[in-house]
Each structure stands twice: as C-alpha cells, then as structure tokens.
Amino acid sequence: MADAARLDAETNNLDALWMPFTANRQFKRKPRLLVGAKDMHYTATDGRRILDGTAGLWCVNAGHCREPITKAIQEQAARMDFAPGFQMGHPVAFEFAAKLSAMLPGDLDHVFFANSGSEAVDTALKIALAYHQANGQPTRTRLIGRARGYHGVGFGGISVGGISPNRKQFAAGLLGHVDHLPHTHDLQRNAYSRGQPEFGAQLADELEKLVQLHDASTIAAVIVEPVAGSTGVLVPPKGYLERLRAICDKHGILLIFDEVITGFGRLGASFAAEYFGVLPDLMTVAKGITNATVPMGAVFVRKGIYEAFMKGPDGIELFHGYTYSGHPLAAAAGLATIKLYQDEDLFARAAALAPYWQDAIHSLRGLPNVIDLRNIGLVGGIELEPRAGKPAARAYEVFVDCFERGLLIRVTGDIVALSPPLIVEKTHVDQMVDTLGGALKRAA
Ligand SMILES: Cc1ncc(COP(=O)(O)O)c(C=O)c1O
C-alpha cells in the first residue's frame, strides 16, 4: 500500500524535481518511472519488467538488489550510520581501502574516497597539481583532456572534458591552463571494428605536439577514459594507450585513467588498466565500486605519488576531502560488492561472454541507418545515421520504443550504448538484440 501511495504521488506531481541531464518538459509529459529492480530487470510503474541493457547507468555490474550487498548496508546502517573522516576514522573505510589496494594493478596502492565520479575526477586533478608542488615542480599546472571525453560535471571535470554543451553553459568558469588531445573516433577507417580498432595509435603523438607548444615543464597531467563511454563507446585504437603512456613517461607527465565506467569488470578484467596492460599514475573510479547501491567514488594513486606527500613535516598533507569520504554505508556496500564480484567470478564471466556479445552486437549490421557497430568487453555501441536536421531524434525514438517493449538502453546523440550487468545470460543478450533490431527497423 505504501508503495502504491508513493507511486501515485510520484506520477501526479513531477513538477518539483529538476531532473539531471533530462529534457524535463518532454519527460514530464510522458514519464518513464521505475519502481523496483531485481537482478537483470527493472519494474516499471505499470508492473512491466524492463530488461536492463545498461546496468542502470553503467554501474550495477553485479545486477540489482543483490542480497549480500543490501544486507551489508542494512547491518552497517544499524551499527554505525556515520563517522567523521577528518582527523577521525572508522575501520570499514580502512578495510575497504586495503581490499581495493590488493586488487589494483602494479603499484597503484593508495585510495582516496569521494562520493561520485565527478568528485573522484576533481580530486585526481587536484592530487596531480599538488603532487608536482610536493615534488619540486610547481610550474607543472597544465591539465590535458581529450575531445569527446566525459569526466563528470565538476568545474575540473568539464574543463578537461570534451563535450561542448557541457562546457558552453559554464564557459566563464572553466579552468585555464587546459588543453585537449583529439579524440580517436574514425569511422572512415575503423567502422565495424570488433574490439580495438586497427588505426589511430599515432593520435597519441598529438601529445608530443602539445608538449612542444606548452613545454613539458608546464604540464601536470593527461586524463583520458581508456574507453570513452558517455560520448558513445569509443574504443582505443591498438597501441594508442601504450603510446600515451610512453610519451607521459618521457616528459614526466602524470597519466590519469578515468575508469568510472571501465572499472570493476566492464571489460572482463578488474580494470581497463589491466585489460590493456597499461598502468596509469592515478585512476578514478565510482559506479561499480558499490554496485551503485550507495554513492561512492575513489582515486587510486601509485605508491610514489602518495609517498611524495608524506615526506614533509607532520601535518595535513592534502587540503581536500568530503564530509562523506569513506562513508560507512558506502564502504560496507563496497566491501560486500567486491566480495560478490570475486565469489561469483563476475569479471571472468564477462570475459567469457564477450565473444557472444560481440557477435550479437555485430548481428545488427545492415539494419536501417546503422553506420557503425563496435564492442569491447560487455560494452556495445551502435551508431546511427542522424535524421537530416534533427540530430539525436532517431536514437531517442529507438530508446523510447525499446523501453515500451521492455528494454532499457542508453542513447547519446545518435549512438546507442549497451552495457548490461555482468550477470547477463545469453538469452538476455538475444532479447536485447531482437528488441533493439525491431526498434531500429521501426525508426527507419
Ligand atoms: C568516465 C566518467 N567519468 C566521470 C563520470 C561522472 O560520474 P558521476 O556521474 O558519478 O559524477 C562519469 C559518469 O558517467 C563517467 O562516465
């Protein structure tokens, strides 16, 4: 009864909520509301089951409402709801950091907690700047992002980000001392790639040009998503990330991987760093860190970076932190989440399913207006020809059609992005491709 009453209130009064990244008026005319979730499915207000083709927003990697995680959150909420994290601590955050550290590649072994991907990114950029100060190179203040990069919505994140609408409204507040690499998306040469595209490693050399332009002594860090998610599944060309790493090493520039989407199994490995065999100096994560149950983000840093801060006299080493850094509920959720990933071997499961997933995505070839299909791990991108004069309209229509037929997909511009929970079964994959294929035909 309580749920039904709440449902009524929700459906009848949508006005007060200013929805994020949403066409508010369009949505409120014909809302799509979800009221329940279990494993691979959501439940809509009308009771329909909706297959989750996007793991929520690339975040519910172990599937929805998994009992070990919900139980851990409930128990922690009853035991200790909150503890201050400044000059105080609580064991669960320390335990979670230690467990994360053990699963990280290379000497990435220290963890700073935030509450979202955006906060993790701004934290990482700040650590990069502060590191060079601590390391006697205070002129290194420039940050390099990449076109079509998404690094959340903080002022740091949108400054290094490469999505023009996200920047334009706030142009007056963007950070100075920022430059961008070109993106790697090249449909002419790489359309219909399976996994990493063949062409484009040399685009990393654009970093050499920025070094020539600005001088290495002014550059603090480069931040990239190993696989760009939010701008439509841009898979790095073979050799690209390796080259970026080598150029950063040559010039003493820190390399930051934003693994908010790729972290925690999305590619069939713990992290993209591991999948590609390229170790960044800092890594940002969020989303899958708690299976999206309690908001949390984190920055992972390499040993030498942490140690550079620990050399001076005793005192606060980094003037940064959040009230909820390492929140007990998030830390408890995170501990249960990574245990569940390990108990069910979900990352290996994703890797094992990836070839089937790849074939399923590429089976959409030839459908109306499909101009590219790409995939990596359990991620798929379906790029559509935009309608003349109406960018994004076709993909939006496909999105609504799929939802009405029981499938949640994500669209960005005219690109459909799929990223199911890692517990997805082959029958679910078939259903996704069938439903999406039908919607593509209807939107022709
Ligand atoms: C690569 C990347 N970085 C940062 C973010 C921002 O995360 P949040 O929305 O939790 O702030 C996202 C969100 O999708 C992301 O994909």
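Author: Start with the contacts of V222. Setting aside residues up to four places away in sequence, V222 touches I144, L207, L244, C248, I253, L255 and I256.

Reader: What makes these residues count as touching V222?

Author: The test is distance: two residues are in contact if their C-beta atoms, placed from the backbone, lie within 7 Å. I144 and L207 are among the residues that pass it with V222. A word on the source: this is a predicted model, where local features need pLDDT of at least 70, side-chain atom pairs count only at pLDDT 80 or more, and totals for chains, interfaces and linings use all residues. Residues are numbered from 1 along each chain as its sequence is written.

Reader: Which residues touch the most other members of the largest nonpolar core?

Author: They are A128, V222, L282 and A298, in a core of 129 residues. Helix 14 (residues 328–343) gives the most to this core, 10 residues. At least three residues come from each of domain 1 and domain 2.

Reader: Why is it called a nonpolar core?

Author: The name goes to a set of buried Ala, Val, Leu, Ile, Met, Phe, Trp, Tyr and Cys residues, joined through C-beta atoms within 7 Å. In soluble globular proteins, nonpolar side chains tend to be buried together.

Reader: Why is R266 called buried?

Author: Count C-beta atoms, placed from the backbone, within 10 Å of the residue's own: 20 or more others means buried, 12 or fewer exposed, and in between partly exposed. R266 has 30 such neighbours, so it is buried. R266 sits in the loop between strand 8 (254–258) and helix 12 (272–276). Its contacts, not counting residues up to four places away in sequence, are N61, I261, G377, L378, V379 and S419.

Reader: How does G85 count, buried or partly exposed?

Author: G85 has 18 C-beta neighbours inside 10 Å, so it counts as partly exposed. G85 lies in the loop between helix 4 (67–79) and helix 5 (91–103). Its C-alpha atom is 6.6 Å from that of S325, although the two are 240 residues apart along the chain. Leaving out residues up to four places away in sequence, G85 touches G321, S325 and G326.

Reader: How many helices and strands does the chain have?

Author: There are 17 helices and 15 strands. Both are DSSP runs numbered from the N terminus: helices are H or I with at least four residues, strands are E with at least two.

Reader: How do you know that the chain agrees with a compact globule?

Author: For 444 residues, a compact globule would have a radius of gyration near 22 Å; the chain has 22 Å, which agrees. The radius is taken over C-alpha atoms, and the globule rule is 2.2 Å times the number of residues to the power 0.38. Of the 444 residues, 48% count as buried.

Reader: Where are the domains of the chain?

Author: Domain 1 covers 32–62 + 345–442, and domain 2 covers 69–343. These bounds come from an automatic or database domain assignment. The C-alpha centres of the two domains lie 26 Å apart. Their contact takes 32 residues from domain 1 and 28 residues from domain 2. Helix 15 (346–362) is one of the elements supplying at least two residues of the domain 1 side. Helix 15 supplies the largest share of that side, seven residues.
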